[in-house]
Structure formats: C-alpha cells, structure tokens
Amino acid sequence: DVTEIEEKEAQAKQEEQIMKEQELSNLLHEKRYLKALGLAISLDRPHTVLTVVKAILKEPEGRRHLEENIVRLRKEQKEAVLAFLVTWNTNSRNCHEAQAVMETLLRHEAPESLLQFSGIKSAVESLLPYT
C-alpha cells in the first residue's frame, strides 16, 4: 500500500508551495524584484508576475528598474513572461504593464533571438489586435 507515501509526498509538496509563497511575499516586501520575478515565474503564477511588474513600475524610475530586471531574466523566463503578457494585454487594466514589458523585450532582444522564443508566432498574432 503506497497511500501513506503518496500522502506524505503531497503534504511535502504543499508545504514547499507555502514556503515559496512566503518567500515571494518577503521578496516583494524587501523590494528584491529580480528574485521575486524569477520565483513567480517558476511557480507559473501570471497574476503574481503582474503584481511584481506593477510594484516595480510604482517605484521612482520604475521603467528603468523594470528594464534592468527583465533583461536579467533567462531565456525560458522571458518566454514565460511573453506568454503571460499576451493575456495581460487583453485587459485594459493591465495593458500598460504588458506594453512596458513588451517594449523592454523588443528593445533588448535581437529579432533573431525573439524568433527563437517558443510560441512567438502565436504571441505576436494575439498581441497585434490589442496593441
């Protein structure tokens, strides 16, 4: 019977999730945005990533800080953010943040590099009507 082992694994996963949520909250409070972005992306939480982006943009010189943080993300993290911003861009409340992130990606990634992103074709097709 492996029920007990599966329950312990599920409980361990849940505890790890709670710890990551707490760490994310602490990072936001400490204004350590790059780590907060990375953690929110790894947790696959588009709304949390949006919250981090909004927090960065509220700071003095927020655009510059956003740019610095987005540029430092790894390629797969940038791909995840691109997928998230497609959804954000469809909502008028979040479109400004989506446009700010998209502008940063377009400025700092070479077109050849952007073409290598997974899902770039569908992202561009989804962004065009709302941009």
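1. Thr 48 is found in helix α3, where helices are DSSP runs of H or I with at least four residues, numbered from the N terminus. With a relative accessible area of 14%, Thr 48 is buried, the term buried meaning under 20% relative accessible area with a 1.4 Å probe and protein chains only. Leaving aside neighbours within four places in sequence, Thr 48 is in contact with Leu 24 and Ala 40, contact being heavy atoms within 4.5 Å.

2. This is a predicted model, in which local features need pLDDT of at least 70 and side-chain atom pairs count only at pLDDT 80 or more, while totals for chains, interfaces and linings use all residues. Residues are numbered from 1 along each chain as its sequence is written, and side-chain values use heavy atoms, with hydrogens and water left out.

3. Helix α2 is mostly covered, seven of its 10 residues being buried; these are Tyr 33, Ala 36, Leu 37, Gly 38, Leu 39, Ala 40 and Ile 41, and they pack against α1, α3, α4 and α5. Just after α2, Asp 44 takes a positive phi of about 55°.

4. Not counting residues up to four places away in sequence, Leu 37 touches Val 49, Val 52, Val 53, Ile 56, Asn 69, Ile 70 and Leu 73.

5. How do α4 and α6 cross? The axes of α4 (residues 62–71) and α6 (residues 95–108), lines fitted to C-alpha atoms over the stretch in contact, come within 10 Å and cross at roughly 60°. The two helices are therefore oblique to each other, since angles under 35 degrees count as roughly parallel, over 145 as roughly antiparallel, 65 to 115 as roughly perpendicular and the rest as oblique. On the α4 side, the contact is made by Arg 63, Leu 66, Glu 67, Ile 70 and Val 71.

6. Lys 78, found in helix α5 (residues 75–89), counts as buried at 10% relative accessibility. Not counting residues up to four places away in sequence, Lys 78 touches Ile 70, Val 71, Leu 73, Leu 105, Glu 109 and Phe 117.

Conventions. Buried < 20%, exposed > 50% of the residue type's maximum accessible area, 1.4 Å probe, protein only. Axes fitted to C-alpha atoms, helices over the stretch in contact; angles between N-to-C directions.
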